[in-house]
Amino acid sequence: MIWSCSSIALGIRRRRRRSQTKERAHSPFLLLRSAARDSRDARSYTSHVPYVVPVRLVIARCQVDYTGRLTAHLPMAPRLILIKADGSVSIHADDRAYKPLNWMSPPCALVELEGPGPEQHPVLGDEPLTALWEVRGRDGDTLQILLGQVYHDSSYELGVDPGLQKDGVEAHLQALLAEHPETLAPGLSLVRREHPTPIGPVDLLCRDASGAYVAVEIKRRGEIDGVEQLSRYLDLMRRDTLLGSVRGILAAQLIKPQARVLATDRGISCVTVDYDVLRGLDSADDRLF
């Protein structure tokens with residue numbers, strides 16, 4: 001079959017248009033420009049202004065109604081409305097750290113309409129409505145936000161976030177304890193880190209002052225699961241004739257009482273470690289109590 005240059009170019013343009021259409025369809029910022037036309041009460045709204053903002057913070061009196069797998073209602077009250085760059089919309093009160101009262105996860109679409117008059121919402125009495133926001137999810141869920149008085153409205157481009165960098169995780173504790181194994185027990189010396197066993201590596205393999213091997217499992221929080229894990233390691237390591245009798249130490253910043261009881265029953269020592277002391281940032285001699 002012979003294809004002309006014009007036919008090939010036409011096919012490329014068609015594939016490019018289809019690709020762009022798919023990208024727009026999956027965009028979290030897809031706006032329902034026809035929402036006002038599709039609404040039964042659209043004729044009562046004089047205009048609608050679709051928009052996309054990076055991050056927008058609005059503090060206002062608002063009433064929120066969610067319709068979807070269930071229905072939920074928030075009566076008129078001052079709240080924080082957060083519109084994030086990923087397209088999510090969430091409504092927050094001042095009584096919890098992070099969980100919103102209601103939200104719409106991305107991808108979703110938001111349309112801002114002018115506030116309806118009292119004849120459309122007589123239950124609100126004489127309070128004037130400044131705007132109506134309609135948020136629609138990909139599954140057809142809807143979040144309707146009626147805004148009264150607006151106290152604050154700002155938007156800002158946050159840019160690319162470098163991500164959360166955790167300090168004091170198990171890898172950091174392992175590195176510090178490998179440098180200072182005597183913190184766990186007097187006379188303890190490091191043999192190797194990540195000593196392999198058939199079911200996974202034990203964090204530290206050490207030797208005590210008498211030359212006996214010691215397996216150390218390191219956790220941020222010492223719980224029963226950590227004791228069980230170290231018990232399995234010890235059972236396999238004790239079958240190795242080169243290692244002989246191996247005892248275990250569970251090291252953690254915090255060890256639960258139940259874990260201590262189980263560890264003691266199985267002959268495993270528990271050691272609580274202070275991360276700041278290991279880093280040299282704190283000293284017991286400098287404390288008042």
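Start with the salt bridges: the structure holds nine. Here a salt bridge is a side-chain nitrogen of Lys or Arg within 4 Å of a carboxyl oxygen of Asp or Glu. This is a predicted model, in which local features need pLDDT of at least 70 and side-chain atom pairs count only at pLDDT 80 or more, while totals for chains, interfaces and linings use all residues. Residues are numbered from 1 along each chain as its sequence is written, and side-chain values use heavy atoms, with hydrogens and water left out.

**Stop 1: salt bridges**

Select glutamate 112 and arginine 56. Their closest N and O atoms are 3.8 Å apart. The pair links distant parts of the chain, 56 residues apart: glutamate 112 sits in strand β6 (residues 108–114), arginine 56 in strand β2 (residues 55–67). Helices (H or I, at least four residues) and strands (E, at least two) are DSSP runs, numbered from the N terminus.

Colour both residues by accessibility. Buried means under 20% relative accessible area, exposed over 50%, and partly exposed in between, with a 1.4 Å probe and protein chains only. Arginine 56 counts as buried at 9%. Glutamate 112 counts as partly exposed at 21%.

Go next to glutamate 223 and lysine 256. This salt bridge has its closest N and O atoms 3.7 Å apart. Glutamate 223 lies in the loop between β11 and α4 (224–237), and lysine 256 in the loop between β12 (246–255) and α5 (257–265), so the pair ties together parts that are 33 residues apart in sequence. Glutamate 223 is partly exposed, with a relative accessible area of 32%. Lysine 256 is partly exposed too, with 29%.

Now pick glutamate 228 and arginine 266. The closest N and O atoms of this salt bridge are 2.8 Å apart. Glutamate 228 is in helix α4, and arginine 266 is in the loop between α5 and β13 (269–272); the two are 38 residues apart. Relative accessibility is 28% for glutamate 228, which counts as partly exposed. Arginine 266 counts as partly exposed as well, at 35%.

Salt bridges that share partners join Arg56, Glu112 and Asp153 into one network.

**Stop 2: the β9 to β13 sheet**

Show β9 to β13 as a cartoon. Five strands form an open sheet in the order β9-β10-β11-β12-β13, with mixed pairing. Two strands pair if DSSP finds at least two bridges between them. The edge strands are β9 and β13, each pairing on one side only.

Focus on β10 (residues 202–207). Five of its six residues are buried. On one side, β10 pairs with β9 (residues 189–195) in the antiparallel sense over five bridges. Look for valine 202 in β10, the bridge partner of histidine 195. β9 and β10 form a hairpin with six residues between them. Select glycine 200 in that turn: its phi is positive, about 135°.

Step over to β11 (residues 213–222). Four bridges join β10 to β11, and the two run antiparallel. Leucine 204 stands opposite valine 216 in β11. This is also a hairpin, with five residues between the strands. Glycine 211 in the turn has a positive phi of about 95°.

Continue to β12. β11 and β12 pair in the parallel sense over nine bridges. Valine 214 stands opposite arginine 247 in β12.

**Stop 3: backbone exceptions**

Most residues other than glycine have a negative phi, and most peptide bonds are trans. Select glutamate 194 in strand β9. Its phi is positive, about 55°, although glutamate 194 is not a glycine.

Then jump to proline 106 and proline 107. A cis peptide bond joins them, with omega about -5°. Proline 107 is found in the loop between β5 and β6.

**Stop 4: the largest pocket**

Which residues lie nearest the centre of the largest pocket? Select Tyr66, Arg69, Met104, Ser105 and Asp141, from a lining of 14 residues. Strand β5 (residues 102–104) gives the largest share of the lining, three residues.

Terms used: On a 1 Å grid over the protein atoms alone, a cavity is a set of points where a 1.4 Å probe fits but cannot get out, and a pocket is an open set with protein on both sides within 12 Å along at least five of seven lines; lining residues have an atom within 4 Å of a point.
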